[in-house]
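Hello,

Please have it open while you read.

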Amino acid sequence: MTTATTLARIGGRIGAEIGGVRLGGDLGSETVAAIRDAVLQHKVVFLRGQDHLDEAGHEAFAALLGTPVAHPTVPSVDGRYALGIDSEQGARANQWHTDVTFVPAYPAFSILRAVTVPPYGGNTLWANTAAAYAQLPAALQRLADGLRALHSNEYDYAALRPDAVPEALARLREVFTSTAFLTEHPVVRVHPETGERTLVLGNFVQRIAGLSGRDSRALVDLLQAYIESPENTVRWQWRAGDVAIWDNRATQHYGVDDSDDQERILRRVTVDGDVPVGPDGVPSRLISPEAVPEPSFGIPSGASAIGV
């Protein structure tokens, strides 16, 4: 980091806290480069006390990391990229996922800002998918290297939110599947900046291509268990004004739905990514922008498209 900033690791495999930085669109290039390097190394970084940020400043900072991109199905407000993640709108993921993997070039970075936090609960967890791949036995690495998986924003909303009223479920489905995407990704992608191999899974996965539902579930459960291993995760207890920045190409995250009906409001801006490429050099491909995918293998196959 630069002279005016500090960096303190939180976990052994993922997570660090940056101090001494006031985020905004006017940050110097050296500071931006240092933040980017910290995100690539630690996968997710946190900054406290960024209460000065509004939507404009949030988006201006995101633009320093790349090109801000709108959510592919959720309409923006007033033409802005900042996406509302509000408890009253049902944005409670409660599932491990990587943002927007149902499209080919899903976001490279996500920047999440806490506006209102509940008095208890509502934490978010992140997992390092590069560390998970590195932990796989060699035989499993070789197997995963050759697999491809189908990702979609079509899933069983009722299974995800069993206590939600039918009207709320209908609204969620209407928004998040206004266009039904189906994309095939390699299960292992080669990170374009670090060269690491990372697992591309999470609950937008419908099934492993070429396998039966039973075999798909067994393989996904096996690989996902390495991602969710406590040693590969970090948990953040939000305060209003906190900002989290993560490498969406090398992480999954999970918004814990344990704050009852307390208000929780966050804003997220994502930075455009590139099309993943597997170890064999074959890129991801969009199968259909309107297709209804084959039935999933019994697991709600997507967290809320915006829940964290």
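In this predicted model, Arg 9 stands opposite Ala 16 in strand 2. The two strands involved are strand 1 (residues 6-9) and strand 2 (residues 16-19), which pair in the antiparallel sense over four bridges. Strands here are DSSP runs of E with at least two residues, helices are runs of H or I with at least four, and both are numbered from the N terminus; two strands pair if DSSP finds at least two bridges between them. The hairpin that they make has six residues between the strands, and Gly 15 takes a positive phi near 100 degrees there.

A word on conventions before the rest. Residues are numbered from 1 along each chain as its sequence is written. As the model is predicted, local features need pLDDT of at least 70 and side-chain atom pairs count only at pLDDT 80 or more, while totals for chains, interfaces and linings use all residues; side-chain values use heavy atoms, with hydrogens and water left out.

Three strands form an open sheet in the order 13-7-15, with antiparallel pairing. Strand 13 and strand 15 (251-255) are its edges, each pairing on one side only. From one strand to the next the twist averages 20 degrees, with axes taken as lines fitted to C-alpha atoms (for helices over the stretch in contact) and angles running from 0 to 180 degrees between N-to-C directions. Strand 7 (residues 124-128) runs antiparallel to strand 15 and is joined to it by five bridges. Within that pairing, Asn 128 has Thr 251 of strand 15 as its bridge partner.

Now the aromatic rings. A search of the whole structure turns up seven aromatic pairs. Rings of Phe, Tyr and Trp (its six-membered ring) pair if their centres lie within 6.5 Å; planes under 30 degrees apart count as stacked, over 60 as edge-to-face and the rest as tilted. Phe 46 and Trp 236 are a stacked pair, 4.0 Å centre to centre with 5 degrees between the planes. This pair links distant parts of the chain, with Phe 46 in strand 3 (residues 44-47) and Trp 236 in strand 13 (residues 233-236), 190 residues apart. Phe 46 counts as buried because its relative accessibility is 0%, and Trp 236 counts as buried at 5%. (Buried means under 20% relative accessible area, exposed over 50% and partly exposed in between, with a 1.4 Å probe and protein chains only.)

Phe 102 and Phe 181 make a tilted pair, 5.8 Å centre to centre and 35 degrees between the planes. Phe 102 lies in the loop between strand 5 (83-86) and strand 6 (109-116), and Phe 181 in the loop between helix 6 (166-176) and strand 9 (182-186), so the pair ties together parts that are 79 residues apart in sequence. Phe 102 is buried, at 0%, and Phe 181 is buried too, at 12%. Ring pairs also link Phe 46, Trp 126, Trp 236, Trp 238 and Trp 246 into a cluster.

What about charges? The count comes to 12 salt bridges, each being a side-chain nitrogen of Lys or Arg within 4 Å of a carboxyl oxygen of Asp or Glu. One of them joins Asp 242 to Arg 48, with the closest N and O atoms 2.5 Å apart. Asp 242 is in the loop between strand 13 and strand 14 (243-247) and Arg 48 in the loop between strand 3 and helix 2 (55-65), so the contact ties together parts 194 residues apart in sequence. Asp 242 is buried at 1%, whereas Arg 48 is partly exposed at 24%.

Arg 285 and Glu 184 meet in another salt bridge, at 3.2 Å from N to O. Arg 285 is in strand 17 (residues 285-288) and Glu 184 in strand 9, 101 residues apart. Arg 285 is partly exposed at 45%, while Glu 184 is buried at 10%.

Finally, have a look at Arg 249. Arg 249 forms a salt bridge with Glu 193, the closest N and O atoms being 2.8 Å apart. Arg 249 is buried at 5%, and Glu 193 is partly exposed at 37%. Salt bridges that share partners join Arg 36, Glu 193, Asp 247 and Arg 249 into one network. Arg 249 also lies over the face of Phe 109, 4.8 Å from the ring centre; a charge sits over a ring if NZ of Lys or CZ of Arg is within 6 Å of the ring centre and within 35 degrees of the ring normal.

Best wishes
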